[in-house]
Amino acid sequence: MYVLGVETSCDETSVSVVKDGKEVLSNVVLSQIDIHKEYGGVVPEIASREHVKGVTYVFDKAIKEAQIKYQDLDLIAVTKGPGLIGSLLIGVNAAKVISLNYDIPIVGVHHIAGHIYANNIDNTMEFPLLALVVSGGHTELILMKEHYDFFKLGETQDDAVGEAYDKVARVLGLPYPGGPVVDNMANKGKDTLNFPRPMIDSGDYNFSFSGLKSHVINTHHNMVQRKEEINIENFCASFQEAVTDVLVHKTIMAKNEYNIKQIIVAGGVAANSGLRRKMIDKIKDVPIYFPNMAYCTDNAAMIATAGYFQYLKGFKTDDLYLNGQSRLNMEE
Amino acid sequence: MRNECIYLKTKIVLNSIEDTKKLAKIIADYAFSGMIIGLAGDLGSGKTTFTKYLAKNIGVNDNINSPTFTILKIYQGNYDLYHMDVYRLEDIGYDYELDDFIYGEGVSVIEWYTYIRDQLPEELLTIDIQADGEFQRSLLIEGKGRYEKIIEAINNRYSN
């Protein structure tokens with residue numbers, strides 16, 4: 001079964017052809033990162049305009065590289081949310097045009113389902129499966145008892161973990177995006193400041209990083225006022241230790257409670273070296289997968305893969321009323 | 001041009017999260033379709049926390065978390081809530097995709113509103129938050145037109 005994946009939820013225009021949810025025949029990604037870098041983050045209106053400019057080219061290139069024709073496709077899978085609404089609409093509408101023109105069924109896919117299913121390209125998913133989704137916009141623990149069955153065990157009550165990294169970096173005078181820089185600095189420092197581990201004993205699977213962010217900012221502010229010397233590397237290490245302690249602790253809690261067979265860490269923060277190290281150190285009894293770098297950032301191969309399993313599971317296909325949604329619950 | 005004199009102002013001090021809840025309740029009682037609330041204050045001053053309590057009081061049941069990454073999050077309630085963080089628009093000024101919401105039928109809460117102040121309507125409620133300590137916050141609240149009665153309600157509540 002040939003599935004065309006389409007992903008335009010943020011700043012990457014991507015189209016891919018994946019066979020049977022496994023074999024990637026093409027995965028074209030047109031990144032806008034250089035355009036947004038000078039603004040210190042993605043600018044929604046610019047992102048939409050760039051998607052419009054690139055979308056036709058990316059569609060045609062993906063089809064050409066896969067060496068098939070639009071007529072050969074069996075299904076179109078497009079990210080319907082969550083994401084930037086203007087960006088989502090470009091992908092959704094382009095996908096609907098192909099669906100209508102060639103009479104191919106279409107399914108709207110949840111972006112995070114895509115990040116989880118990126119794992120199926122290189123590995124085989126085993127259930128019950130636990131996914132820790134960590135990025136600039138998400139911090140969630142998802143339980144899957146079988147294919148395409150998502151249960152959100154918990155999520156952040158305020159800031160996403162990647163966002164906390166960006167904001168702490170901003171206060172410390174480090175460049176955007178904060179994740180890689182803070183991670184790098186943390187590797188050279190020591191946990192000397194003993195920041196709180198928010199909600200670590202809450203007994204549930206929710207997270208909170210806003211209070212930690214405020215605590216870090218206050219500590220920095222007070223040290224500046226007292227004219228104390230600030231060791232940025234230790235500062236970053238202390239922050240990173242606090243964050244990863246909580247993430248790993250709750251992952252282990254869920255693993256034990258639900259008899260988990262496989263753990264997937266997905267999203268941009270999956271690239272964080274401190275998190276990777278701690279996960280591998282502390283969890284020995286269950287395999288942990290971090291997706292291949294090519295499928296770690298936003299891409300359409302993961303959407304095609306997720307769409308394939310969504311379709312197989314018998315979920316209703318969408319019609320031309322399919323629309324983008326900036327905020328979208330996975331369990332819907 | 002803006003005329004500072006015709007903006008009604010009040011200054012209050014909040015000492016706890018309970019105080020923030022109370023203030024959010026007072027403001028939510030005056031919610032109307034098309035309401036715009038601008039929030040300013042440093043990282044960690046409590047902009048999103050205030051929005052959480054406001055949301056609860058206008059019938060939004062979902063958990064409100066930070067809109068920083070997507071700039072806009074939309075929630076359904078008695079009034080729909082359009083929760084925005086325009087920090088990243090500082091150098092750009094404005095993003096016209098936000099127009100549909102700012103001039104829409106729900107309640108808009110705009111964090112870091114000062115970055116796009118010139119493009120916002122003259123009539124709105126603004127709350128500038130200053131963190132005095134770990135819990136204490138000093139607030140400057142301003143409004144005109146339809147927002148004046150909110151300032152009066154806050155004054156009545158806090159002068160007693």
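Predicted model: local features only at pLDDT ≥ 70, side-chain atom pairs only at ≥ 80, totals over all residues.
**Domains of chain A**

Chain A comprises two assigned domains: domain 1 covers residues 2–116 + 295–312, and domain 2 covers residues 127–260. Between the C-alpha centres of domain 1 and domain 2 of chain A the separation is 30 Å. Where the two domains meet, domain 1 of chain A contributes 8 residues and domain 2 of chain A contributes 8 residues. On the domain 1 side of this contact, helix 4 (111–122) and helix 10 (300–312) of chain A each provide at least two residues. Helix 4 of chain A accounts for the largest share of that side, namely 4 residues. The side of domain 1 of chain A that touches domain 2 of chain A contains no charged residues.

**Contact between chain A and chain B**

The contact between the chains involves 27 residues of chain A and 20 residues of chain B. Three elements of chain A, helix 2 (44–66), helix 5 (161–171) and helix 7 (210–225), each supply at least two residues of the side that touches chain B. Helix 7 of chain A gives the most to this side, with 5 residues. Charged residues are present on the side of chain A that touches chain B, where they number 7.

**Residue classes of the two sides**

The table sets out the class counts.

Terms used. Residues numbered from 1 in each chain as written. Chains lettered and ligands numbered in written order. Domains from an automatic or database assignment. Contact = placed C-beta atoms within 7 Å. Nonpolar A, V, L, I, M, F, W, Y, C, P; charged D, E, K, R; others polar.
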